[in-house]
Amino acid sequence: MSSGVVFDIQRYSLQDGPGLRTLVFLKGCPLRCLWCSNPESQRPEPQLLYEGDRCTLCLTCVPVCPSGSLTSAGKGALSYDLTRCTCCGACVQACPNGARRVCGERMTVERVLAVVLRDAPFYRRSGGGVTLGGGEPTGQPEFARSLLEACRRHDLDTAMETCGYAETRSFLSIAEAADHVFFDVKHMDRARHVELTGVPNELILDNLRALLHVHHDVTVRYPLVPGCNDSGDDLRAFAHYLLGLPRLPRVEMVPYHRFGEHKYRLLGRTYALEGTPACPEQDAANACVTLAQHGIGCSALVH
Ligand code: SF4
Ligand code: SF4
């Protein structure tokens, strides 16, 4: 039975596909978008999160750590060596204040399916189903495909959200098992794309083109991030790319929000877009107008 690392399962979602849905978030992503609202999803393996505000520096966790990752740094100070942590969870159990938790768990397809099937009557009534997100589902290709196929065997509607950065054949094979694909496009300029996400954009743009040749239900999502990809030139370049595709997909403008900012602190990381304001909904609506001027239909999502 195929297994993969899952970092969250959210039931009763009304987003990311038709009807009532269960969202299954797979861990691991090849991109490092500056605005990522799920930074805990980026590394492929389970990892430890630490909520400093809850920690009273009681040091109960130090002696239970079998790897020497946690040490007392004198006068009640605590130090954590990420490179030694095996994510065993012993400190999570020991902490009296809930300051630690492990993000990510290896699960079999069967186990995820058991959670998903709890809401089968709601899916049937609402036309809903299951959506794989992340992280990036294509980063665990065998697991993602097996899970989608297992859902289909139970007559569930299937969807996936993707950054599109995956080897093309593997990518298409997973997408084939999804009834709906939500595909992110973040910037048209290669160098700027590398600055914003850590990877170039050719593979992503080529994969979208290939996908549109074989898949009938594709929605392109554009995260509109102030100062990153929201200029008139950025949007016009996006429009020209869309017009050159084999057919026009549905397009959704996703205004940038800061809901994930606090998670960077839990990971001991700095938030690169500190001080960047959330994108006003009106700006997302205006961006849709720019696309409409090129004959492209677009809807703006709300936070
Ligand atoms: S998860 Fe385990 S190895 Fe990592 S810091 Fe906690 S006790 Fe140590
Ligand atoms: S046991 Fe919890 S509260 Fe105590 S030092 Fe460790 S993380 Fe902080």
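Predicted model: local features only at pLDDT ≥ 70, side-chain atom pairs only at ≥ 80, totals over all residues.
The buried residues of α11 (281–292) are Ala284, Ala287, Cys288 and Leu291, a residue being buried if 20 or more other C-beta atoms lie within 10 Å of its own and exposed if 12 or fewer, with C-beta atoms placed from the backbone.
- The buried residues of α11 pack against β11, α9, β12 and β13 (299–300), contact meaning C-beta atoms, placed from the backbone, within 7 Å.
- Helices (H or I, at least four residues) and strands (E, at least two) are DSSP runs, numbered from the N terminus.

**Helix α9**
- Asp234, Leu235, Phe238, Ala239 and Leu242 are the buried residues of α9.
- These buried residues fall within an arc of 135° seen down the axis of α9, so they line one face of the helix; the arc is that of the directions from the helix axis to the C-beta atoms.
- Gly232, Asp233, His240 and Leu243 are exposed on the face turned away from the buried side of α9.
- The partners of the buried residues of α9 are β11 (218–224), β12 (250–255) and α11.

**Helices α5 and α6**
- Helix α5 (residues 141–153) packs against helix α6 (residues 168–175) at an angle of about 20°, with their axes 9 Å apart; axes are lines fitted to C-alpha atoms, for helices over the stretch in contact, and angles run from 0 to 180 degrees between N-to-C directions.
- That makes α5 roughly parallel to α6, a term for angles under 35 degrees.
- Pro141, Ala144 and Arg145 in α5 meet Ser170, Ser173 and Ile174 in α6.

Conventions. Residues numbered from 1 in each chain as written. Chains lettered and ligands numbered in written order. Contact = placed C-beta atoms within 7 Å. Parallel < 35°, antiparallel > 145°, perpendicular 65-115°, else oblique.
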